[in-house]
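I opened this model to look up a handful of local features. My notes follow the structure.

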Amino acid sequence: MLSILIVNWNTREHLRRCLESIQRFAPVENYEILVVDNASTDGSAQMVSQEFPFVRLFSQTKNMGYAAGNNLAFREAKGDALLTLNADTEFVDNSLDLALSEFRTHPKVGALTGKFLNPDMTVQPSIRGFPRPLSVLWDIVGLSRVFPMSQVFGAYRMRFFDYETEADIEQPMGTFIVYRKAALDEIGLMDERFPIFFNEVDLLYRLHRAGWVIRYTPAVRLIHYGGASTRQVRKSMIWESHRSLIRYYRKWHVRLWNFPFFWVFFLLIQTGAFVRARGWDAGFRA
């Protein structure tokens with residue numbers, strides 16, 4: 001059984017289109033939809049309740065964050081395949097069936113993702129390497145832009161990734177990821193110390209360390225409108241993203257012997273957050 005888990009915050013119209021597209025291209029396999037609404041003020045919960053009564057709605061009285069919202073849904077879900085899906089997505093074909101077929105065929109796949117499309121149907125970059133300190137450092141100092149096709153300097157953003165070829169990967173964007181329940185039973189759920197960002201990166205890294213395969217398949221595709229929730233509070237989300245990256249490094253990479261290096265590195269990360277929050281990087285974004 002497939003459980004589709006959607007955490008929503010003030011994206012009512014996107015959520016409506018997403019749920020309609022799931023109905024339009026429903027999988028053959030039994031499925032359920034769980035929506036966790038994080039105290040939206042735009043009538044999202046009321047819309048789901050009135051227009052999609054078959055959806056299991058969890059309407060929260062406060063915004064509990066993305067990680068806690070997904071964990072609630074993970075615990076309540078009945079399926080052995082658990083799809084975390086952003087509300088600002090829309091299916092255009094039978095990709096849910098294709099994803100499940102791929103998932104069932106390869107029992108060592110712990111997480112699976114597909115190709116994300118912009119509204120004009122062009123490919124949206126969505127695959128990165130894990131944020132290892134050196135690969136992120138090359139990104140901060142600009143070497144990843146100078147040498148975008150280098151597998152050394154471009155190892156974080158992976159601009160060289162071939163989106164037409166199926167591959168084992170490290171870190172897909174969290175927009176659409178099918179998790180195997182057995183894998184999550186082994187490694188645990190999302191770490192709620194990462195409330196908005198890097199929760200899925202941390203989860204995928206734990207899957208990777210445990211020997212599970214993370215798979216990309218281009219046959220699975222969907223439109224992703226992008227940032228519908230976080231765009232509403234962009235500056236605070238920029239700071240939260242960089243703080244979460246620092247938390248990630250403290251969890252996985254900082255040790256007594258390398259702390260001086262990371263102290264300098266964290267200053268660079270905070271400087272990057274300041275530049276982005278001010279919009280001074282507009283001419284350099286790629």
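The entries below go from the cavity to the salt bridges, the surface and the backbone.

**Ground rules.** I am working on a predicted model, where local features need pLDDT of at least 70, side-chain atom pairs count only at pLDDT 80 or more, and totals for chains, interfaces and linings use all residues. Residues are numbered from 1 along each chain as its sequence is written, and side-chain values use heavy atoms, with hydrogens and water left out.

**Entry 1: cavity.** Rolling a probe the size of a water molecule over the atoms shows where empty space is left. I took a cavity as a set of points on a 1 Å grid over the protein atoms alone where a 1.4 Å probe fits but cannot get out; lining residues have an atom within 4 Å of a point. Grid points are joined across faces, edges and corners, and a volume is the space filled by probe spheres set on the points. How many cavities of 30 Å³ or more does the whole structure hold? I found one. The volume of the largest cavity is about 30 Å³. I listed its lining as Leu 2, Leu 83, Leu 96, Ala 99, Leu 100, Phe 103, Phe 176 and Val 178. Helix α4 gives the most, with four residues. Helices (H or I, at least four residues) and strands (E, at least two) are DSSP runs, numbered from the N terminus.

**Entry 2: helix α4.** I then asked which residues of helix α4 (residues 95-105) are buried. I noted Ser 95, Leu 96, Ala 99, Leu 100, Glu 102 and Phe 103. These sit on the same side of α4, because they cover an arc of only 160° around the axis. The arc is that of the directions from the helix axis to the C-beta atoms. For burial I used relative accessible area: buried is under 20%, exposed over 50%, partly exposed in between (1.4 Å probe, protein chains only).

**Entry 3: salt bridges.** Side chains of opposite charge can pair when their charged atoms come close. My criterion was a side-chain nitrogen of Lys or Arg within 4 Å of a carboxyl oxygen of Asp or Glu. I count 21 salt bridges in the whole structure.

- Glu 170 pairs with Arg 132, with closest N and O atoms 2.8 Å apart. The two are 38 residues apart: Glu 170 is in the loop between β9 (167-168) and β10 (171-172), Arg 132 in the loop between β8 (127-128) and α5 (133-140). Arg 132 is partly exposed at 37% relative accessibility.
- Arg 215 meets Asp 168 at 2.6 Å, N to O. Arg 215 lies in strand β12 (residues 213-224) and Asp 168 in strand β9, so this pair ties together parts 47 residues apart in sequence. Arg 215 is buried at 17%, whereas Asp 168 is exposed at 51%.
- Asp 191 pairs with Lys 251, with closest N and O atoms 2.9 Å apart. Asp 191 is in the loop between α7 (181-187) and α8 (199-209) and Lys 251 in helix α9 (residues 234-252), so the pair ties together parts 60 residues apart in sequence. Shared partners join Asp 191, Arg 193, Asp 202, Arg 206 and Lys 251 into one network of salt bridges. Asp 191 is buried at 11%; Lys 251 is partly exposed at 27%.

**Entry 4: surface patch.** I found a nonpolar patch made of Ile 140, Val 141, Phe 259, Trp 263, Val 264, Leu 267 and Leu 268, with about 630 Å² of accessible area together. Patch residues have over 30% relative accessible area and no salt bridge, with nonpolar side chains (Val, Leu, Ile, Met, Phe, Trp, Tyr) joined within 5 Å and like charges within 9 Å. Areas come from the Shrake-Rupley method with a 1.4 Å probe; for residues, only the protein chains shown count as cover. Helix α10 (residues 259-278) supplies the largest share, five residues. I checked Val 264, which is in helix α10 and partly exposed at 45%.

**Entry 5: backbone.** Most residues other than glycine have a negative phi, and most peptide bonds are trans. Ala 39 has a positive phi of about 60°. I place Ala 39 in the loop between β2 (31-37) and α2 (44-51), partly exposed at 22%. Met 158 also has a positive phi, of about 50°. Met 158 lies in the loop between α6 (143-146) and β9 and is buried at 16%.

Technical notes
On a 1 Å grid over the protein atoms alone, a cavity is a set of points where a 1.4 Å probe fits but cannot get out, and a pocket is an open set with protein on both sides within 12 Å along at least five of seven lines; lining residues have an atom within 4 Å of a point.
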